Amino acid sequence: MSNESVQEKKGLVIVHTGDGKGKTTAALGLAIRAWGDGLRILIIQFIKGGWKYGELKTLKTLGDIDGRIEVRQCGKGFTQRCGDKSEHCEAARKALQTAQKEIYSGEWDMIILDELNYAVKFDLIEEHCVLDLIREKPEDIHLVITGRDVRPSVAEAADLVTEMRLVKHPFQKGVKAQQGIEF
């Protein structure tokens, strides 16, 4: 790539969606790339909480080196498995407030809102709140949003949308989630 094809920094809105595996993994890959290029990255997880994923160990190690990458697990786990969503709604509301605050803090170059699309799908956060984040974010912040079932309005507002499509998955044959692959 020539220097002529590299432009001044413009914060992008990137969405990873679809029914296939790899949305969070792709976002975390971007985080690692950005960290390697000196950017400061915050990852806010809207649904996941309390699980110890392999990638979290790596990101913590990178963050311990220089504090330029941080993960905050704000969720209460899988919302579709519970009847009362009030605890999940409160957690999502607090995660959204954190995202709003951090987007304007000047501390981060990239903010990943992991599973935000799920939070909207399960009515934990209203769609207009996501659109407000996109519309009002500072020009130089990269905002990455993951999760299935992105709303058409969010996809339209984004600069880059990638859909992961399920073709085949070992779970379809009864193979349980594999450490190092799914978590």
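Biologist: Which residues does Leu113 touch, not counting residues up to four places away in sequence?

Modeller: The model is a predicted one. In it, Leu113 touches Ile44, Phe46, Ala99 and Leu133, and also Leu143, Val144, Ile145 and Thr146.

Biologist: Which residues of H5 are buried, and against what do the buried residues of H5 pack?

Modeller: Cys129, Val130, Leu131, Leu133 and Ile134 are buried in H5. The partners of the buried residues of H5 are S1, H3, S4, H4, S5 and helix H6 (152-157).

Biologist: Why is Ile47 called buried?

Modeller: The cut-off for a buried residue is under 20% relative accessible area. Ile47 has 8% relative accessibility and therefore counts as buried. Ile47 is located in the loop between S2 and H2. Its C-alpha atom is 8.1 Å from that of His88, although the two residues are 41 residues apart along the chain.

Biologist: Why are H1 and H2 called roughly parallel?

Modeller: Angles under 35 degrees count as roughly parallel. The axes of H1 (residues 23-36) and H2 (residues 54-66) cross at roughly 20 degrees and come within 12 Å. H1 and H2 are therefore roughly parallel to each other. Their crossing is left-handed.

Biologist: Which residues make the contact between H1 and H2?

Modeller: H1 contributes Leu28, Ile32 and Trp35, while H2 contributes Glu55, Leu59, Leu62, Ile65 and Asp66. By class, this contact of H1 with H2 has 6 nonpolar, 2 charged and no polar residues.

Biologist: How many helices and strands does the protein have, and in what order do the elements run?

Modeller: There are 6 helices and 6 strands. From the N terminus on, the order is β-α-β-α-β-α-β-α-α-β-α-β. Of the 183 residues in the protein, 42% are buried. Among contacts with a separation of 6 or more, 81% are between residues 24 or more positions apart.

Technical notes
Residues numbered from 1 in each chain as written. Predicted model: local features only at pLDDT ≥ 70, side-chain atom pairs only at ≥ 80, totals over all residues. Heavy atoms only, no water. Axes fitted to C-alpha atoms, helices over the stretch in contact; angles between N-to-C directions. Helix = DSSP H or I, 4+ residues; strand = E, 2+ residues; numbered from the N terminus. Parallel < 35°, antiparallel > 145°, perpendicular 65-115°, else oblique. Left-handed = near helix turned anticlockwise from the far one by under 90°. Contact = heavy atoms within 4.5 Å. Nonpolar A, V, L, I, M, F, W, Y, C, P; charged D, E, K, R; others polar. Buried < 20%, exposed > 50% of the residue type's maximum accessible area, 1.4 Å probe, protein only.
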